[in-house]
Amino acid sequence: MDNKEQSEPIRISRAEAVDIIRHSHKITSATFIKRTTGLSRVMRFRTGVSIGVKGSGLPYSRASKGLIGVYDMAVGQHRSIAIEGLSKLSANGVKYVIED
């Protein structure tokens, strides 16, 4: 089946979604709920981008806070996505729905 003919999104677990995000270094899109406002947001991003990284790192561990680090393509800055807020994902031409 050609990816363009995909009619129904594939249902995946949150852990599978995190794995897809971490290993897809292509432009990916995710819909998630922001922790700060509770609003839904759609973000186009890439992982594995080192532009703008100064080498000092973050003062906290993203993994311990349930976050994934990404590079937001719209604003050209690094951002974090809350894992528990993920609801939809589109990577490599395939659409996914994240189930609890």
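**Salt bridges and core**

Arg41 and Asp72 form a salt bridge, with their closest N and O atoms 2.8 Å apart; the term stands for a side-chain nitrogen of Lys or Arg within 4 Å of a carboxyl oxygen of Asp or Glu. The pair links distant parts of the chain, with Arg41 in strand 3 and Asp72 in strand 4, 31 residues apart. Strands (E, at least two residues) and helices (H or I, at least four) are DSSP runs, numbered from the N terminus. Arg41 is partly exposed, with a relative accessible area of 26%, whereas Asp72 counts as buried at 1%. Buried means under 20% relative accessible area, exposed over 50%, and partly exposed in between, using a 1.4 Å probe and protein chains only.

This is a predicted model, in which local features need pLDDT of at least 70 and side-chain atom pairs count only at pLDDT 80 or more, while totals for chains, interfaces and linings use all residues. Residues are numbered from 1 along each chain as its sequence is written, and side-chain values use heavy atoms, leaving out hydrogens and water.

How many salt bridges does a search of the whole structure find? The search finds three. One of them joins the side chains of Glu99 and Arg11, at 3.1 Å from N to O. Glu99 lies in strand 7 and Arg11 in strand 1 (residues 10–13), so this pair ties together parts that are 88 residues apart in sequence. Glu99 is partly exposed at 35% relative accessible area, and Arg11 is exposed at 58%.

Arg35 forms a salt bridge with Glu84, where the closest N and O atoms are 2.9 Å apart. Here the link runs between two loops: Arg35 is in the one between strand 2 and strand 3, and Glu84 is in the one between strand 5 (77–82) and strand 6, 49 residues apart. Arg35 is partly exposed at 45%, and Glu84 is partly exposed at 47%.

The largest nonpolar core has 18 residues. Such a core is a set of buried Ala, Val, Leu, Ile, Met, Phe, Trp, Tyr and Cys residues joined through side-chain atoms within 4.5 Å. Those with the most contacts inside this core are Ile21, Phe45, Ile68, Val70, Ile81, Leu86 and Leu89. Helix 1 (14–23), strand 2, strand 3 (40–46), strand 4 (67–72), strand 6 (86–91) and strand 7 (94–99) each give two or more residues to the core.

Ser29 lies in strand 2 (residues 28–33) and is partly exposed at 22%. Beyond four places in sequence, the residues that Ser29 touches include Phe45 and Leu89; contact means heavy atoms within 4.5 Å.
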